Amino acid sequence: MRQGGFTLLEILVALAVFGFLLLGLSQTVRFGLVAWRQEARMDDGKTDLEAVDRSLRQIIENLAPADEAARASIDGSSSALTGRTRLRVPGSGLDAIPVEAGLAVSGTRLVLRWRPYHHGEPLRALAPPQETDLMSGVARLGISYWQSSGVWASSWKEPELPLLIRLRVTFTGAHPPRWPDIVVAPLLSRP
């Protein structure tokens with residue numbers, strides 16, 4: 001009479017099949033976790049670039065023309081830009097206030113230097129501008145100004161604003177990320 005149960009060979013085959021299933025499942029889970037981490041890291045970098053892009057566009061869109069015809073609206077070179085714009089700054093609540101703002105690269109950081117704008121001649125020395133890091137890992141900031149004659153200029157010191165301003169950010173590193181040029185029209189946010 002034969003008793004019920006499994007033979008040793010049947011148990012070994014079942015264990016081998018179970019082992020292959022566990023191996024495939026663990027590789028699938030490992031692949032999913034690695035892909036998830038890489039996507040999260042890429043999303044974080046994308047969010048940073050998007051936030052900087054929005055900030056740069058807001059600074060340029062809100063640039064104001066000069067108060068006087070003898071003054072330049074912005075002091076712009078091929079690597080730095082300073083002008084009067086409107087920003088939400090700490091302590092101003094939700095309202096954007098007029099500020100003197102400058103964009104430049106300091107070391108490997110893209111920085112915004114700003115201080116509140118005061119109309120008229122100051123009675124005493126102005127406080128030094130505050131510096132806010134917008135992004136690190138920046139090798140160069142290239143700025144161009146579109147003239148009404150239809151060409152890009154590398155500097156700007158005119159009373160009126162340029163029609164367009166182009167910002168080109170170049171990153172450091174062996175394989176730096178590529179970021180498209182930002183082209184913005186000043187006074188775009190004005191009615």
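This passage describes the salt bridges of the structure and the surroundings of one threonine, Thr85. The model is predicted.

Side chains of opposite charge can pair when their charged atoms come close. A search of the whole structure finds seven such salt bridges. Three of them are described here in turn.

Arg115 and Glu100 form a salt bridge through their side chains, with an N to O distance of 3.5 Å. Arg115 belongs to strand β4 (residues 109-116) and Glu100 to strand β3 (residues 97-106), so the pair ties together parts that are 15 residues apart in sequence. Arg115 has a relative accessible area of 22% and is partly exposed. Glu100 is also partly exposed, at 24%.

A salt bridge also joins Asp133 and Arg109. Their closest N and O atoms are 2.4 Å apart. This pair links distant parts of the chain. Asp133 sits in strand β5 (residues 130-136), while Arg109 sits in strand β4, and 24 residues separate them. The relative accessible area of Asp133 is 45%, which makes the residue partly exposed. Arg109 is partly exposed too, with a value of 25%.

Arg168 and Asp181 supply another salt bridge. Here the N to O distance between the side chains is 2.6 Å.

Some salt bridges share partners. In this way Arg109, Arg113, Glu131 and Asp133 are joined into one network.

Attention now turns to Thr85. This residue is found in strand β2 (residues 81-87). Is Thr85 buried or exposed? Its relative accessibility is 2%, and buried means under 20%, so Thr85 counts as buried. The Thr85 side chain reaches two backbone oxygens. One belongs to Ile59, at 2.9 Å. The other belongs to Asn62, at 3.3 Å.

Definitions and conventions: Residues numbered from 1 in each chain as written. Predicted model: local features only at pLDDT ≥ 70, side-chain atom pairs only at ≥ 80, totals over all residues. Heavy atoms only, no water. Salt bridge = Lys/Arg side-chain N within 4 Å of Asp/Glu carboxyl O. Helix = DSSP H or I, 4+ residues; strand = E, 2+ residues; numbered from the N terminus. Buried < 20%, exposed > 50% of the residue type's maximum accessible area, 1.4 Å probe, protein only. Polar contact = N/O pair within 3.5 Å; in protein donor to acceptor, adjacent residues only side chain to side chain.
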